[in-house]
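Hello,

Here is the structure I said I would pass on. Please have a look at it first; my notes follow below.

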Amino acid sequence: MKRWRTRLLWLLVPVSAIVLAVAVSSLVLLSIGESPVDAFRSMFRYGTQANSVASMINRAVPLFVAGLAVAIGFKMNLFNIGVEGQYRIATLLAAAAGAAVTLPAPLHIAFIMLVAMVVGAAWASIAGVLKVKRGVHEVVSTIMLNSIATGLVAYLLANHLRKPAAGSELLIATPQIPPSGQLGPLTQLGGEDLRSFLLLAIVLGVAVYVLIWRTRFGYDLRASGINPDAARVSGVDPNKMIMRTMLLSGAIAGLIGMSDLFGFFHAYTLDVPTGIGFDGIAVALVGLNHPVGIAIAALVFGWVDRAAQILDLQGVPKEVIIITKGVIIFSVVIAYEIVRRLVLSQEVKTAAEETRRLEEEKETVAA
Amino acid sequence: MSWGEVDTGLTPAVGAETGRRLDARRVLLLLGFVIVLLSGVRWITAAPDLTSSGTYGAALRLAVPILLAALGGLYSERTGVANIGLEGMMILGTWFGAWGGWQFGATWGVLLGILGGTAGALVHAVATVSFGVNQIVSGVAINLLAAGVARFLSVVAFTGAGGGATQSPQVTSTLPRITVPVLAGGSFFGWESPDVLGWLERQHWFLVSDVSAMFRGFMVSLSILTVITLLLVPVTYLFLWRTRLGLRMRSAGENPWAAESLGVRVYTMKYIGVLISGALSGLAGAFLVMETAGIYREGQTGGRGFIGLAAMIFGNWRPTGALAASGLFGYTDALNLRSDPAVHALVLVAAIALVGLGAWYLYRRRFIGGSVALVLGVLAFVWFALTDSIPRQFVFITPYVATLIVLAVASQRLRMPTYDGITFRKGEQIS
């Protein structure tokens, strides 16, 4: 019964966030003289078309992977702000490596993913080593590493990994990955490809769930996050834990760009989306660091992105949805904090009542 | 370093500094060495831009927004609130600065820019101080939100009015500029005064010309905002370290529980610190608008909020340190803007500095650090000898790499406010 009430309280977090976000966006729309009802109605109508569903899922997959990468760090109080840099450098090098080799199809895909994971983990390990060996806080080092990655990607792409210019072509991109390193669409919905990396992302989500909630390692990781001192006393080496978590988070971050790479771009170009690492932080927060929650949050963000495309055609600036997303993030973190305190005080109260009952029982027995 | 987790066993006393501190004499000595080194390399490599007054002027101009963000971060973190939302607050400063400047003129633009940054800071303060949201999380969210708000407002306000979704119309007026008379050739009540330092600079004498160029660079065509920003360095020191309010603000970052027990209103102190940080970041944004093209452009801040954060850490959470770090970052930026040979010559400067550092370490019997510095120095020499120019991207990443190295090498000597980044709840025990 108590447990049930706590769950209901937790459910309040996303619900209140969405209600608040809709309210604030409506106010913003009203303030520029647009009708929120019309805007939301057309978003809903456009967003439920079959091709929009495919687009929503395609947009959600990288966000989901990014959310997983961030959440693993969050679970042990490690703030991997560097997911952004990790996936960008991993995508670039994986694309270049994938174009440089010829392998049978499944092996080629596996090879590209392996390169991406190794590069992502290696880039993340810099922050891990700095924290473990030199006590540099990971937030600071990963912020610096993000900017360094941006510069490094630009340098490598322009000077070393760029496809030799053919004729008058000015495209700045790595060479094309051969078909054995591409993934065809899973199916088509309303003419829009549904990219097949979705299946791998689902496998990844399940794997992360099992690893974090069903293994010894995951238990240690979560324990280190909740109470580092208790974890240390129970025999968990905090430094090893930091390194492992950072490597794991970086390896997953390396996979963020794979859906777009395998299913659409087949090369690293300047059009490969950036900023997904930061969006991943938002997705992990809104999804409360659980794979199921992250999946839902990623789908919501993907849907909002897609559905908003119709707004421009109606003369409403679609940028309003960036504000919507921002409000969602802030209301989730604030509501989460409030509910956490409520639950905590509830637990303290329950424990106090329980203790009193036991003491009274003891007294009755003694009498 | 804390920022999220903290050892609750022992806390050092307020103001206790660990490690050897850099006092004023040492800093001046170091500065002297750097100036002589730069003059020498300028002499050898014939890269005049290494020490020209134009470079120094540009360095100062580029350092100002970084310094403002760093000072902003300093106010916030001294009261115990980590602020990685500086970048977002600066973005709001650029937008509101440009909008205000376009609507009402430059002065109003600056004021509105400050207000815009402060608005972003208010969100950060409400979330982190009043609601106890994790400070890193809130900072990240502010950066995302600010970029979105700026884009949205641009679409609403600028499209069809001479701007667009990513750009504003021109600001309608400019801010006054100052050139010091006699020394740098400014006019004085209509009288064109001589340019003494400029004449000295043109003689290309070793050291004399270089030093003159440096001073001249700091005196020609200064924006009024630059002067204000430079004044903010001593003002910040006096305010935080020599006034009662400043002491209370710092106590909120060093040990909020002790401060609370002594009757300090910790929440209020934190609010003040965070709001000032937003105001300064907003001013930095407005400065970028007024000093560059007179317009807002998306991505104009270019990560300067993060560089400001780096400068604050680099400067050991002190105003003078922030000034030195911002100056260094501004200087490398300026060289990058002005000429390729000068950037190339900078590698030689780094090589000599590293070899010198290595020799000093070996003399002090610190063999590991010494040999690492020596090897790096020799590698830099080889790099300098074998190349003609340096990719621009490398200059872009210099501040970040420098900060990482400083943190890795000197993190024991840096001392952040003890409870920086820790959520404080009124009436609760140390958690």
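**A salt bridge within chain A**

Lys325(A) and Asp305(A) form a salt bridge, with their closest N and O atoms 3.1 Å apart. Please keep in mind that this is a predicted model.

In the contact between them, domain 1 of chain A takes part with 10 residues and domain 2 of chain A with 12 residues.

The area buried between these domains is about 1,100 Å², and carbon and sulfur atoms account for 75% of it. On the side of domain 1 of chain A, the residues that lose the most area to domain 2 of chain A are Lys318(A), Ile321(A) and Lys325(A), which together make up 49% of what that side buries.

Two salt bridges are found across this domain interface, along with two residue pairs in polar contact, both at pLDDT 80 or more. H15(A) supplies the largest share of the domain 1 side, seven residues. Sorted by class, that side has seven nonpolar residues, three charged residues and no polar ones.

**Between the chains**

Next, chain A and chain B. Here 44 residues of chain A are in contact with 47 residues of chain B. The two chains bury about 3,800 Å² between them, with 80% of that area coming from carbon and sulfur atoms. In chain A, the residues losing the most area to chain B are Arg134(A), Met144(A) and Phe330(A), together 17% of what that side buries.

How many salt bridges are counted between chain A and chain B? The count is one. Glu319(A) and Arg151(B) meet in a salt bridge through their side chains, at 3.1 Å from N to O.

Four helices of chain A each supply at least two residues to the side that touches chain B: H5 (105-134), H6 (138-159), H12 (276-286) and H15 (320-366). H6(A) gives the most, with 14 residues. By class, the side of chain A that touches chain B has 30 nonpolar, eight polar and six charged residues.

Regards

Notes:
Residues are numbered from 1 along each chain as its sequence is written. Chains are lettered from A and ligands numbered from 1 in the order in which they are written. This is a predicted model: local features need pLDDT of at least 70, side-chain atom pairs count only at pLDDT 80 or more; totals for chains, interfaces and linings use all residues. Side-chain values use heavy atoms; hydrogens and water are left out. Contact means heavy atoms within 4.5 Å. Buried area is the accessible area (1.4 Å probe) that two parts lose on being put together, summed over both. A salt bridge is a side-chain nitrogen of Lys or Arg within 4 Å of a carboxyl oxygen of Asp or Glu. Ala, Val, Leu, Ile, Met, Phe, Trp, Tyr, Cys and Pro count as nonpolar, Asp, Glu, Lys and Arg as charged, and the others, Gly among them, as polar. A polar contact is a pair of N or O atoms within 3.5 Å; within protein, one must be able to donate a hydrogen and the other to accept it, and residues adjacent in sequence count only if both atoms are side-chain atoms.
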